[in-house]
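Reader: I would like to learn how to read a few features of a structure. Please take them one at a time.

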Amino acid sequence: MKGLAGRIIGVIVVLIGVVALIFVMLRIIPGDPASVLLNEHVSQANIDRLTRTMGLDRSLPEQFFGYLAGVLHGDFGRSYYIQQPVSNLIMEALPFTIKLTLLSIAFAWTFGIISGVASAMYNEHIIDYLFRGAALLGISVPVFMVALLLQYIFYFRLSIFPLTYDGSFASLILPAIALGWNSAGSIARLMRSELMEELDAPYMDTAKAKGLSYRKAVLVHALRNAALPVISLMALQLSGMLSGAVITESIFSIPGLGKLALTALQTRDMPLLQGTVLFTAFLIALGNICADLINTLLNPRLRTG
Amino acid sequence: MTVKHIYMIALIAALILSGCGAGAGNTDTSAQQDAAASQTAGAQADNADSGLLRGALNADITTMDVHKTSNDYMVPMNIYDTLFTIRKKDDGSTEIVNSLAESYDLSDDGKTYHFTLRDGVVFSDGTPLTAKDVKFTFERILTLPDSAQTDYAIPIDGAQDLLDGKADSLKGITVEDDHNFSITLSEPYAGFLASLATPSASIYSEKIVTEAGDDFGVLPEKTLGTGPYIVTEWTRGSGLKFEYNPRYWGEEPSVKRVELSIMEPQAMNMAFQKGDLDILDCLLIDSAIVKSIYKTDAYKDHIVSIDRMGTNFFMMNENVEPLNNVQVRKAIQMAIDRESILQSIYDGDGQLEDGIYPTGCLVYNKENQGWLKYDPEGAKKLLTDAGYGDGFDMEICLDTSNTDAVQNTVQVIAQNLNDIGIRANIRSVDHASYLDLRNSGDMSSYLALWLLDFNDPDNIIYTFFGNKDNTKTRSNNYADDAVIARVTAAKTIVDETERNKEYAALEKKLVQDDAVWVPMFSLKHLFVISDRVAEFTPHWAGWSDFYFAQTELK
């Protein structure tokens with residue numbers, strides 16, 4: 001548990017670093033929120049007035065430490081553009097992203113593991129080629145492409161699912177597949193190669209010799225050994241999912257964290273972007289700690305280290 | 001759990017099968033399609049009964065409070081009312097029509113307007129509208145720390161003092177009784193009534209706004225106006241729902257419910273073809289798709305087109321060497337092949353503009369048209385005479401949030417300039433960076449559009465050349481202070497003949513003599529309507545935002 005405490009301190013340091021980095025970066029890139037808010041109907045007097053209202057006329061260290069002090073008190077500031085407390089906006093958006101991520105993890109794991117196992121068991125068989133092809137598509141086709149293809153097939157041609165998110169469970173299925181597609185592909189490929197290695201291991205002969213069927217031997221013995229690296233990969237993919245959610249949420253109009261962050265970036269809404277990035281970094285750090293814990297629990301060799 | 005599991009596996013199988021079959025053809029899935037088609041048909045029948053109109057937005061709105069945004073007018077236009085509105089007549093000209101104001105008269109010095117409010121108007125919660133609400137509205141525009149609409153209240157006497165915090169109330173508005181009030185301007189301003197007819201000048205209720213506090217413009221149930229619709233639901237990032245306001249003072253519209261969904265361009269196109277959208281805004285989707293799918297015989301009767309009252313122009317920064325040389329700017333005016341851009345990129349949907357005010361704008365003057373001809377040889381000669389025979393490097397800034405058509409136009413302009421020896425480089429930046437760069441006054445050149453907010457020449461000419469600050473924020477840095485002073489002064493001319501003459505003279509001076517910009521064209525705005533829509537009237541100036549009440553369903 002000493003390791004865990006160290007990890008938690010590490011996370012706090014990383015989060016402060018993230019805030020500092022995003023704070024500085026947002027002020028280096030061109031574009032200011034007052035201009036975006038006024039857009040075409042701009043005048044110098046209005047820019048100056050809004051800059052003062054937003055507190056952007058203060059010095060950079062003053063703004064940074066002011067923000068940090070606020071964050072430590074749980075105050076993430078107000079969005080310039082949407083004019084709501086940032087923490088409210090994040091909490092409104094979070095359930096959508098969680099639903100989407102959970103569903104796409106469910107898809108990625110089910111599809112990835114089943115196709116990986118099937119590929120390995122029926123090596124060089126037609127099933128293997130089919131699943132390997134699908135997995136290759138999964139890792140090589142970008143998320144937005146998959147999303148468009150899914151919309152075209154399942155909405156436009158087949159009318160099975162809604163085009164965009166409308167609050168129903170059915171309308172979350174296409175986004176979940178689009179987002180999980182990539183992860184499913186990598187899981188399938190890793191699962192297949194790990195399992196293939198295990199299939200040649202001597203204990204498989206023992207298993208068969210004691211009278212187990214091939215399927216049972218694979219599912220009970222080989223799969224258990226092959227699963228370790230796959231589980232590590234799956235845990236790591238959580239953070240990838242959060243970044244993929246930015247694109248998926250935009251395409252399917254899901255009012256989640258990714259879409260919020262994207263809007264914030266486009267409008268240079270600094271408090272909102274700082275808030276969403278900080279929160280996402282926190283989620284990723286949390287995910288990584290969980291991944292480590294799971295790994296340690298599953299793999300006794302790591303426990304002493 | 002197991003049901004979900006089976007569903008998932010079926011889904012995966014379907015995905016793989018249809019993925020493989022997509023290239024080969026779709027004959028094998030026709031059975032599924034038939035089943036699906038009958039489902040959709042059922043859904044459509046439900047919608048048809050209920051007066052529902054379905055539209056799409058390309059991005060979410062930021063607020064429903066029009067005092068805090070100058071971008072998102074779709075909601076304000078439909079839930080609030082203004083004192084006047086603008087109607088487009090059959091001949092293409094516009095007229096100002098009474099809305100919340102029942103009548104008005106103007107004093108002889110041209111400064112004081114006396115208004116009478118329409119009787120019996122209530123906000124959607126039943127609160128009656130009074131003249132006090134009007135005064136409150138304009139005071140709020142000026143005192144809100146993050147107000148985006150101060151331009152609309154500034155002409156009123158005492159507005160600057162209130163804005164600067166030197167006064168606690170707006171001196172220029174006098175409330176006489178519940179229905180009568182007068183507005184005094186600091187100087188006569190011919191465009192004032194027209195400016196009251198824009199969504200920016202929507203009238204709020206003092207009681208509703210004060211009680212709602214920070215929730216006004218954010219929570220639908222607290223954001224109420226006198227307009228024909230009420231927002232019933234706003235899911236941030238996803239869409240908005242509206243319902244007819246039964247307390248509305250005007251005629252009951254044909255559209256009873258509205259759903260606006262936020263969609264990506266490809267999704268809009270699919271949804272429209274599938275019958276899930278009633279109005280498709282062609283400016284929001286890819287222009288190649290518009291041309292290949294919608295500008296065909298199949299959709300011939302479904303296209304609604306309106307002339308956008310707005311000038312597209314190519315601005316040149318006079319602070320940048322050698323664009324500070326008027327001969328160079330004139331050469332650029334002659335070098336751009338506007339006609340072929342209009343034909344090839346916009347499929348001829350528009351007309352060339354040679355001045356500042358677009359076709360249809362008050363004071364539009366035919367004599368200032370037709371003088372600019374595409375003449376690359378002449379342009380080369382001008383460049384040589386100006387001492388730039390070997391050409392020079394210049395930068396064109398491009399906002400990547402623009403439509404593909406705008407991006408293609410910039411490419412052609414760069415090519416046209418290269419043809420006369422000017423090495424034009426395109427610098428692509430995102431919208432926020434673009435605005436920042438332009439407002440700083442350092443953008444070398446850019447292609448942009450100004451759509452009129454209200455039909456008055458001041459709305460466009462003052463924006464770009466009305467004062468020193470404006471010439472900087474628009475990155476033209478026009479240097480002739482005498483002309484700038486004349487643009488400011490032109491606002492106050494009340495006599496119509498004199499006003500027309502001065503605005504025409506200013507247009508000629510700025511565009512023809514000083515070549516401040518390359519006037520390009522004004523374009524048509526196309527919409528496609530579904531079979532459920534009998535009549536669709538776009539906004540008079542061709543905005544993407546429209547009044548739901550002006551749409552008739554079958």
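Predicted model: local features only at pLDDT ≥ 70, side-chain atom pairs only at ≥ 80, totals over all residues.

Reader: At what angle do helix H10 and helix H11 of chain A pack?

Author: Two packed helices are described by the angle between their axes and the distance between the axes. Axes are lines fitted to C-alpha atoms, for helices over the stretch in contact, and angles run from 0 to 180 degrees between N-to-C directions. Helices (H or I, at least four residues) and strands (E, at least two) are DSSP runs, numbered from the N terminus. In chain A, helix H10 (residues 214-251) and helix H11 (residues 257-266) pack at about 90°, and their axes are 7 Å apart. H10(A) and H11(A) are therefore roughly perpendicular (65 to 115 degrees).

Reader: Which residues make the contact of H10(A) with H11(A)?

Author: Contact means that C-beta atoms, placed from the backbone, lie within 7 Å. H10(A) supplies A:Ala245, A:Val246, A:Glu249 and A:Ser250, and H11(A) supplies A:Leu257, A:Gly258, A:Lys259, A:Ala261 and A:Leu262. By class, five are nonpolar, two polar and two charged. Here Ala, Val, Leu, Ile, Met, Phe, Trp, Tyr, Cys and Pro count as nonpolar, Asp, Glu, Lys and Arg as charged, and the others, Gly among them, as polar.

Reader: Where is A:Gln83, and what is its phi?

Author: Most residues other than glycine have a negative phi, and most peptide bonds are trans. A:Gln83 is not a glycine, yet has a positive phi of about 55°. A:Gln83 sits in the loop between helix H4 (60-72) and helix H5 (86-121) of chain A. Because A:Gln83 has 18 C-beta neighbours inside 10 Å, it counts as partly exposed; the cut-offs are 20 or more for buried and 12 or fewer for exposed, with partly exposed in between.

Reader: Is B:Val363 buried or exposed?

Author: B:Val363 has 22 C-beta neighbours inside 10 Å and so counts as buried. B:Val363 also has a positive phi, about 65°, and lies in the loop between strand E14 (350-352) and helix H12 (376-385) of chain B.

Reader: Which domains is chain B divided into?

Author: Domain bounds come from an automatic or database domain assignment. Chain B has domain 1 (18-58 + 228-304 + 546-553), domain 2 (66-215) and domain 3 (309-524).

Methods
Residues numbered from 1 in each chain as written. Chains lettered and ligands numbered in written order. Parallel < 35°, antiparallel > 145°, perpendicular 65-115°, else oblique. Contact = placed C-beta atoms within 7 Å.
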